Amino acid sequence: MLAALIIVFREVFEAGLIVGIVLAVTSAVPHRLRWIGGGLLAGIAGACIVAAFAGALSQLFEGMGQELFNAAILGTAVVMLTWHNVWMARHGREMANDLRAVGQAVAEGSRPLIALAIVVAVAVLREGSEVALFLYGVAASGDNSGPALLGGGALGLLLGMAVCLATYFGLMRIPPKALFATTTWLITLLAAGMAAQAVAFLARANWLTSLDQVVWDSSSVLSEDSLLGRTLHTLIGYTDQPTAMQLAVYCTVIVLTFILMRLTTPPTPSARVVAAE
Amino acid sequence: MLTVSLRKLTLAVVSNAVLTLVPVHAEDSEIQFAYADGQFEPKEAAAPADKPFAIRVKNMEAKAMEFESKALKVEKVVAAKSEAVLKVRAMKPGRYEFYDEFNEKARGIVNVQ
């Protein structure tokens, strides 16, 4: 039972962190629970489908279907998170500058929520398919330990939800003024970390083999296995043996996000006067 | 007539170029593990150091397993009654442990030397 609890908890832990962050990011947006709930349900449904076709998925692309699938959905999440940041850079300023724009921006608030709903769906899909496979195996084996294992799995799921709520309430303790900057950084690092993970999957599929030398090995200082290592792995993409390509992609995502945010931020009134002259 | 021979010539040149361009790379060595009755067989296998290799996992059981090794930086779900290949990057000599993530009692070692 404990084994089942640990297996399920380990899988839902990452999804719990991500959903907690998304809840905090959208705390001021109406109808957010509808979007996030939709993302969750879509993710769970997708996880069951992926689990059911796990064998077929593996056989695609000369046996590298799983790796490429993971890289693709991580890539999708990176694009969605970056889109959200860029959107907020434009409309966050509007909300601060012009009170009349607030109502409109909130009404429009549903737009970046599509992006974040997809992020939630992808996080749940990725981790959930392994939980589904594990629990299906337990149910299919039909021995006496089944109910205890399922009970352990349910407890693991509850613990994952606790991680989600702890992340959310932890972030909500940040004063509203600082929350925007904090979540912008969080989402940028989350995206960069996911991009680096996608690189690792592409390398395993032999699709991206350049710059694959390991730059450092910090596994003796902070192992990716430890709870702190896993948390940092999800939040900022920490990995104890990064390759040169992973580091390059990680930095590129951060720099690109800030360039895109700069470009889309509407000019402040004083800047507009300068531009008119 | 001329066009036909031209086409043939182009074809010959192109196919020649392709043949010479594609590097003749040596096949990565591959080690195999079978998974049955909650155990890996064999429990240990040797792989060459400092060059990439592949691990082929045959899951004989009626349920899925997940071959995982934090040390080798690989993980992959292997569906019931099927097999999968994992590509491992060049590793330093050493003993690297792996396990079934769904059943951590099942463990084995890749001895890189």
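I take two strands as paired if DSSP finds at least two bridges between them. Strands (E, at least two residues) and helices (H or I, at least four) are DSSP runs, numbered from the N terminus.

I note that this is a predicted model, in which local features need pLDDT of at least 70, side-chain atom pairs count only at pLDDT 80 or more, and totals for chains, interfaces and linings use all residues. Residues are numbered from 1 along each chain as its sequence is written, and chains are lettered from A and ligands numbered from 1 in the order in which they are written.

**Strands of chain B.** I looked up strand S8 (residues 94-100) of chain B, which runs antiparallel to strand S5 (residues 65-69) of chain B and is joined to S5 by two bridges. Here B:Phe67 has B:Asp100 in S8(B) as its bridge partner. I then found seven bridges between S8(B) and strand S9 (residues 103-112) of chain B, again an antiparallel pair. B:Phe98 is opposite B:Gly108 of S9(B), and a hairpin of two residues links S8(B) to S9(B).

**Contact of chains A and B.** I count residues as in contact if their C-beta atoms, placed from the backbone, lie within 7 Å. Chain A gives 19 residues to the contact and chain B gives 18. On the side of chain B that touches chain A, strand S6 (74-78) and strand S7 (82-88) of chain B each supply at least two residues. The largest share of that side, four residues, is from S7(B).

Key
Two residues are in contact if their C-beta atoms, placed from the backbone, lie within 7 Å.
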